[in-house]
Amino acid sequence: AGSIVVQVRAAVLGDEYVLLLADDRTEITRTEEIRNDFVANVSHELKTPVGAISLLAEALEDSSDDEVAVRRFAQRMHKEASRLADLVQDIIELSRLQGANIAQRGTAVDLSHVIADAVDRSKLTAESKNIKIVVGGAGTDAQVYGDPDLLTTAFRNLIDNAVRYSPENTRVGIGIRSREGLIAVSVTDQGDGISPEDQERVFERFYRVDAARSRATGGTGLGLSIVKHVVTNHGGEVSVWSQPGQGSTFTVRLPELEGRDSVDTTEPQGP
Ligand code: ADP
């Protein structure tokens with residue numbers, strides 16, 4: 001439980017009365033805190049690659065006659081610049097999400113298509129590690145209401161993580177099930193897994209289990225917070241199950257779009 005923030009204003013009315021006005025500012029203060037934290041985190045994260053790029057540029061200037069060094073510095077600059085580009089992309093995605101109004105902008109979305117699209121985009125990385133992505137239950141009619149681009153981004157992040165945090169020659173399984181008005185999509189990998197303490201934190205912005213390893217695998221620490229935002233905006237939830245050393249399963253549950261049939265077969269009202 002957090003503290004309650006109250007703003008009190010007092011006014012003296014005549015000789016006998018004091019008017020006290022108390023505003024509950026708890027929610028506003030919390031939103032401000034989250035925003036300030038986010039800005040601080042973003043600035044910090046952006047400063048790292050920008051700083052590295054300018055140092056490398058300096059080093060390049062100083063070593064212009066050493067061909068090997070020039071090559072090495074240029075490669076590292078390229079890597080830092082891609083990292084910067086990834087970060088900017090994720091930050092734009094997150095801010096786009098904050099303004100997203102699914103209720104107004106949504107359409108009927110077939111999740112099997114969204115997932116096929118997301119799988120396509122992870123294919124190159126998967127092939128380079130000889131990881132097989134297997135989609136099960138794809139024939140399932142899996143209609144939800146929402147924004148197809150945002151949903152593709154969410155599933156792409158989950159599949160991308162499964163591929164990035166798995167060793168070579170493993171398998172990533174994607175299952176789609178429809179049950180009790182919900183569609184559950186699970187993404188299972190045979191990677192390193194996530195410890196119980198970290199499972200609670202991986203959805204936080206910029207949280208990485210192992211910063212050094214994650215940097216090597218090219219993460220921004222924003223992927224899962226984007227997933228959580230998208231899924232929550234769609235009235236769903238995301239959870240993780242993992243056995244360290246054996247792999248992880250991320251499951252997204254979304255409300256199933258009710259079949260058109262029930263509407264179409266309704267008898268017309270009135271005489
Ligand atoms: P990143 O861009 O670093 O991958 P994410 O928000 O997508 O950021 O994930 C946060 C952290 O959770 C990652 O840095 C990684 O440590 C851990 N993680 C995410 N997905 C997996 C996975 N499938 N297997 C193991 N660890 C994972």
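Which pocket is the space taken by the ligand? In this predicted model, in which residues are numbered from 1 along each chain as its sequence is written, the ligand takes up the space of the largest pocket. Local features were considered at a pLDDT of at least 70 and side-chain atom pairs only at pLDDT 80 or more, whereas totals for chains, interfaces and linings use all residues, and side-chain values rest on heavy atoms, with hydrogens and water left out.

The ligand is surrounded by 21 residues, the closest being Asn161, Tyr165, Asp189, Thr220 and Leu224, where a residue counts as near if one of its heavy atoms lies within 4 Å of the molecule. By residue type, this shell divides into nine nonpolar, eight polar and four charged residues, with Ala, Val, Leu, Ile, Met, Phe, Trp, Tyr, Cys and Pro taken as nonpolar, Asp, Glu, Lys and Arg as charged, and the others, Gly among them, as polar. Of the 520 Å² of accessible area that the ligand has on its own, the protein covers 99%, as computed by the Shrake-Rupley method with a 1.4 Å probe.

The largest pocket has a volume of about 690 Å³, that is, the space filled by probe spheres set on grid points joined across faces, edges and corners. A pocket is here an open set of points on a 1 Å grid over the protein atoms alone, where a 1.4 Å probe fits, with protein on both sides within 12 Å along at least five of seven lines, and its lining residues have an atom within 4 Å of a point. Its lining comprises 36 residues, among which Asn161, Arg164, Tyr165, Gly219 and Gly223 lie nearest the centre. Helix H5 (148–164) gives the largest share of this lining, seven residues, and likewise the largest share of the shell around the ligand, three residues; helices are DSSP runs (H or I) of at least four residues, and strands (E) of at least two, numbered from the N terminus.

The second largest pocket holds about 410 Å³ of space and is lined by 16 residues, of which Ile34, Phe203, Arg205, Ser225 and His229 lie nearest its centre. Helix H1 (26–62) and H8 are the elements that give two or more residues to this lining, which divides into four nonpolar, six polar and six charged residues.

Key
Sits in = over half its atoms within 2 Å of the grid points.
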